[in-house]
Amino acid sequence: MIMEKKEYIVVAFVNNQISVLNRITSAYLKRHINIESLNVSESYIKGISMVVISAITSKDTTERIVNQLNNNIDILNVNFFLQEELIYKEMALYKISPEFIKDSIFFNHFLNRLNGKIIEINDGYIIAEKSGSKAELDSLKMSLERKKLLISYARSGNVVLQREPIEGLMQKVS
């Protein structure tokens with residue numbers, strides 16, 4: 001039986017301790033799964049970090065990873081989701097040729113329709129920022145590449161909020 005592979009997002013709330021991230025990523029390494037996106041940030045609870053990992057794999061494999069992580073004492077809560085089950089964004093920075101401003105239609109489209117922001121302008125380049133889905137950010141990147149305006153590009157990992165309350169997390173912390 002062939003398992004359908006999709007992008008699954010694992011969200012873990014962990015004690016902010018040395019080696020917890022290593023234990024989480026080892027669960028992927030052990031199964032030869034490439035991590036597409038990894039983001040670690042402070043959560044709304046002091047001393048607790050939120051780890052968000054995105055990987056293309058099967059539901060069964062993701063369930064096994066989550067079950068393994070649930071057995072770790074420093075991992076307080078872990079769950080997995082499809083993108084549509086979360087509120088999520090990514091952010092990208094684009095280093096663009098100053099010629100970008102000369103293409104007034106594209107420049108105005110970037111600012112007004114795509115909700116992009118200009119962070120810095122100088123003689124050698126423009127730094128622009130855009131948040132959105134991976135597809136939106138990649139689409140803008142490809143447009144800039146086609147127009148030969150893109151000098152460099154960096155994208156963050158997924159930043160997510162769960163739509164539903166996280167059951168039992170506060171009890172595990174106290």
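Tutor: Two strands pair if DSSP finds at least two bridges between them. Strands (E, at least two residues) and helices (H or I, at least four) are DSSP runs, numbered from the N terminus. Strand β1 (residues 5–15) and strand β4 (residues 75–81) run antiparallel and are joined by six bridges. Within β4, Asn77 stands opposite Phe13. The model is a predicted one, in which local features need pLDDT of at least 70 and side-chain atom pairs count only at pLDDT 80 or more, while totals for chains, interfaces and linings use all residues. Residues are numbered from 1 along each chain as its sequence is written, and side-chain values use heavy atoms, leaving out hydrogens and water.

Student: How many bridges join β1 to strand β3?

Tutor: Eleven bridges join β1 to β3 (residues 48–58), and these strands run antiparallel. Ser54 in β3 is the bridge partner of Ile9.

Student: How many aromatic pairs are counted by the rule for rings?

Tutor: Rings of Phe, Tyr and Trp (its six-membered ring) pair if their centres lie within 6.5 Å; planes under 30 degrees apart count as stacked, over 60 as edge-to-face and the rest as tilted. The count comes to six aromatic pairs. One of them, Phe13 with Tyr44, is edge-to-face, at 6.3 Å centre to centre and 70° between the planes. Phe13 lies in strand β1 and Tyr44 in the loop between β2 (35–42) and β3, so this pair ties together parts 31 residues apart in sequence.

Student: Is Phe13 buried or exposed?

Tutor: Buried means under 20% relative accessible area, exposed over 50%, and partly exposed in between (1.4 Å probe, protein chains only). Phe13 is buried, because its relative accessible area is 2%, whereas Tyr44 is exposed at 58%.

Student: Which residues of helix α4 are buried?

Tutor: They are Leu137, Leu140, Ser143 and Leu144. The arc is taken from the directions from the helix axis to the C-beta atoms. Seen down the axis of α4, the buried residues fall within an arc of 125°, so they line one face of the helix. The exposed residues Ala135 and Arg146 are carried on the face turned away from the buried side of α4.

Student: What covers the buried residues of α4?

Tutor: Contact means heavy atoms within 4.5 Å. The cover includes β5, α3, β7 (126–132) and β8 (150–155).
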